[in-house]
Amino acid sequence: MRSESQTHPAPHADHLSDDQLMESYVLSADSEHLRVCGECRARFENLVRLLEQIRNEAVNEADAVFTAERLHEQRDRILRRLERQGHPAEVLMFPDRTGGHQTAYRLLHPARRWVAGAAAAGLVAGLFLGFAVDRRVGSLSATRSMKAGANAAAWQRASNDDASISAVRDEQILTDIEDVLSGPHRLVEMRVLDDMTTPPELQKEVSLVPR
Amino acid sequence: MDRRDQMTAGAAATRPTLTPLANEHLASPAVVRAPEAETALAAQIQDLSAAGEQDSARDLFSQIVARQQRRASRIAWHYLRDGAEADEAVQDAFMKAYTHIASFQRHLSFEVWFTRILINGCLDRQKARTRRSRWLLPVNDVAMHEQQAIERACRRSDQSPEDMVLAQEWRGQVADAVKKLPGRQRLVFLLCHYADHSTRDVAEMTGLNESTVRVHLFRAIRKLRAAMEGQTHAI
């Protein structure tokens with residue numbers, strides 16, 4: 001505490017600091033200085049007065065909220081709770097037209113309990129089997145999917161080969177056509193070709209081979 | 001019984017004899033009080049409960065309630081600042097004290113034991129309120145109603161309107177200053193200054209060292225004084 005007293009230095013070197021005054025208040029210490037120094041005594045009285053005012057205000061506030069009537073009600077409630085404490089809580093049945101007692105009895109009957117137990121066991125067994133079958137089917141389908149993947153790759157390779165062969169064939173046909181066009185026997189062969197590929201009404205206009 | 005309640009079983013609550021200052025007006029926060037009648041009553045209630053005479057035990061306990069409830073309500077109000085919650089906290093504390101009266105140790109002060117139960121209850125409620133405030137909006141109707149009741153009760157007939165406003169401001173500043181105190185300082189100040197407990201009693205109630213309680217009280221007073229410096233009181 002002493003180190004913090006530097007924040008409030010004494011007004012005069014011979015007088016008590018504010019912190020020393022508060023220490024005297026907190027510790028209820030009998031200070032010789034307060035007996036003899038009127039100035040410090042006045043400051044101390046101011047401090048006490050301030051704290052008393054704070055206290056009085058606080059007490060008034062609380063008493064305004066907790067009036068005599070409210071305290072009386074509070075006491076009554078406490079005593080009622082104390083009286084009820086010794087007795088076990090009463091459970092009220094929920095009103096039910098169909099008869100809640102019979103429903104409860106039906107559910108708790110030994111034979112019904114066996115049925116319910118068997119149904120629960122069946123459900124558990126079904127779930128277990130379901131999981132087991134699902135795992136097996138899963139592994140089979142995984143194998144199948146692996147095989148299918150391999151086939152697809154082979155098919156892909158084969159289709160790629162076919163495409164390349166057909167491209168070569170087309171190229172060959174076009175080369176042959178060019179050869180024929182540029183060759184010495186072009187008129188005879190090309191006329192046949194021209195007749196086959198050109199509609200009759202356009203033969204005169206688009207024919208490659210003069211007629 | 002709550003663990004914190006059991007911790008009240010400590011050293012005997014002997015109140016320190018204070019050296020009075022020269023002037024009697026220089027009152028100290030540690031007030032020497034008469035031996036507690038409540039402690040004797042609590043001992044009788046223990047005997048009656050052990051003998052199975054619950055009705056008589058309840059009758060005696062109602063005397064303790066009547067003696068302690070105002071003080072308890074003040075403490076709970078200043079701690080919680082909510083009339084309904086403070087009311088419930090006080091009720092619960094009395095119920096707990098009666099339920100666990102068998103564990104009360106006769107050489108201790110009943111008031112200290114009971115106040116500790118009350119403070120623990122208030123702390124629990126404050127924590128719950130903090131949690132609740134994260135999700136729910138506060139209800140201001142009740143607080144406003146209580147504030148109006150406070151203003152009505154503190155109003156004096158000879159006060160001018162200006163004085164009333166000043167007094168209201170002053171009360172607000174005090175409440176804010178006390179509210180801004182750190183938790184332990186506020187608790188110690190509240191118990192020492194509002195509830196008139198000695199620092200030794202407060203040490204037993206809070207489980208703190210007595211010198212620590214004094215340090216907290218000193219710091220609380222210093223902060224309050226700094227906050228209220230220059231404020232004129234219009235009452």
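I take contact to mean heavy atoms within 4.5 Å. This is a predicted model, so I noted that local features need pLDDT of at least 70 and side-chain atom pairs count only at pLDDT 80 or more, while totals for chains, interfaces and linings use all residues. Residues are numbered from 1 along each chain as its sequence is written.

**Entry: the interface as a whole**

I looked up who takes part: chain B brings 58 residues to the contact and chain A brings 50 residues. Putting the two together buries about 5300 Å² (accessible area, 1.4 Å probe, lost by the two parts and summed over both). Carbon and sulfur atoms give 63% of that area.

**Entry: charged pairs**

I found nine salt bridges between chain B and chain A (a side-chain nitrogen of Lys or Arg within 4 Å of a carboxyl oxygen of Asp or Glu). One to look at on screen joins the side chains of A:D63 and B:R74, at 2.9 Å from N to O.

**Entry: one helix pair**

Next I followed helix α3 of chain A, residues 38–65. Its axis and that of α10(B) come within 11 Å and cross at roughly 90°, which makes α3(A) roughly perpendicular to α10(B) (65 to 115 degrees). Here A:L47, A:L50 and A:L51 meet B:I221, B:R225 and B:M228.

Conventions. Chains lettered and ligands numbered in written order. Heavy atoms only, no water. Axes fitted to C-alpha atoms, helices over the stretch in contact; angles between N-to-C directions. Helix = DSSP H or I, 4+ residues; strand = E, 2+ residues; numbered from the N terminus. Parallel < 35°, antiparallel > 145°, perpendicular 65-115°, else oblique.
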